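The exercises below each set a task and then work through its solution step by step. Please look at the sequence and the structure before starting.

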Amino acid sequence: MSISLERSTCSSNLCLETQLARSLPTIYLQKDQLRDEIDFEFLGNLSGDPYTLHTNVFSQGKGNREQQFHLWFDPTADLHTYSILWNPQRNSFSVDGTPIREFKNSESIGVPFPKNQPMRIYSSLWNADDWATRGGLVKTDWTHAPFTASYRNFNADACIWSSGAFSCGSSSPSSASTSSSWLPQELDITSQERLNWVQKNYMIYNYCTDTKRFPLGLPQECNTS
């Protein structure tokens, strides 16, 4: 699946004056506890502080794969394009065409990968001030409600799941491509360089370097190239 949308964090300057606890476009499937989920999430801030772009990947109910970024622009000032490439080999997250994260298929070493369940796309605003804003220290100021977010130019090209089977192609009404070119897609050398630039300069948290969180050893996929 390849999806993209343009998004502004809010429709006014209210988000600069209050704490928007969690605002996210998300792809996920909830199926008991064994869900697959791929997340773009915007975490609230104190007025004047950078916004945090939070990403996570769940496979077969296992998450805890967070990477967080401070972007190289103010995401509330204008619309920007946020994209997810999801194929059998990788999940790639991009902002305005610049890759910021790649989660590769590591099933060969026993790491579940989200590729066997149908998915739905959700975008919403919701409250997570128990953890999202400075670890839950800052609470949402509800006097500024209602909070709003705006989206435009949504596009999805995907394999369509129906009656226990799927078909791939440009059958999606919103598909802009003539074939499923995203199925074998991977990062080229230029994209890999841009990914490295973002992670070197704008990543503020990476679960794969958090030895305090994983004292018995980092997750298996963290040890692969």
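Strands are DSSP runs of type E with at least two residues, and helices are runs of H or I with at least four residues, both numbered from the N terminus. The model is a predicted one, in which local features need pLDDT of at least 70 and side-chain atom pairs count only at pLDDT 80 or more, while totals for chains, interfaces and linings use all residues. Residues are numbered from 1 along each chain as its sequence is written, and side-chain values use heavy atoms, with hydrogens and water left out.

**Exercise 1.** Find the strand that holds Glu-37, and decide whether Glu-37 is buried or exposed.

*Solution.* Glu-37 is placed in strand S3. Buried means under 20% relative accessible area, exposed means over 50%, and partly exposed covers what lies in between (1.4 Å probe, protein chains only). With a relative accessibility of 10%, Glu-37 therefore counts as buried.

**Exercise 2.** Which side chain is joined to that of Glu-37 by a polar contact, and over which ring does Arg-35 lie?

*Solution.* A polar contact is a pair of N or O atoms within 3.5 Å; within protein, one must be able to donate a hydrogen and the other to accept it, and residues adjacent in sequence count only if both atoms are side-chain atoms. The side chain of Glu-37 has such a contact, of 2.8 Å, with the side chain of Arg-35. A charge sits over a ring if NZ of Lys or CZ of Arg is within 6 Å of the ring centre and within 35 degrees of the ring normal. Arg-35 lies over the face of Phe-58, at 4.1 Å from the ring centre.

**Exercise 3.** Classify the ring pair of Phe-42 and Tyr-82, and then that of Phe-103 and Phe-113.

*Solution.* Rings of Phe, Tyr and Trp (its six-membered ring) pair if their centres lie within 6.5 Å, and planes under 30 degrees apart count as stacked, over 60 as edge-to-face and the rest as tilted. By this rule there are nine aromatic pairs. For Phe-42 and Tyr-82 the centres are 5.0 Å apart and the planes stand at 85°, so this pair is edge-to-face. Phe-42 belongs to strand S3 (residues 36-43) and Tyr-82 to strand S6 (residues 80-87), so the pair ties together parts that are 40 residues apart in sequence. Both Phe-42 and Tyr-82 are buried. For Phe-103 and Phe-113 the centres are 6.1 Å apart and the planes are at 5°, so this pair is stacked.
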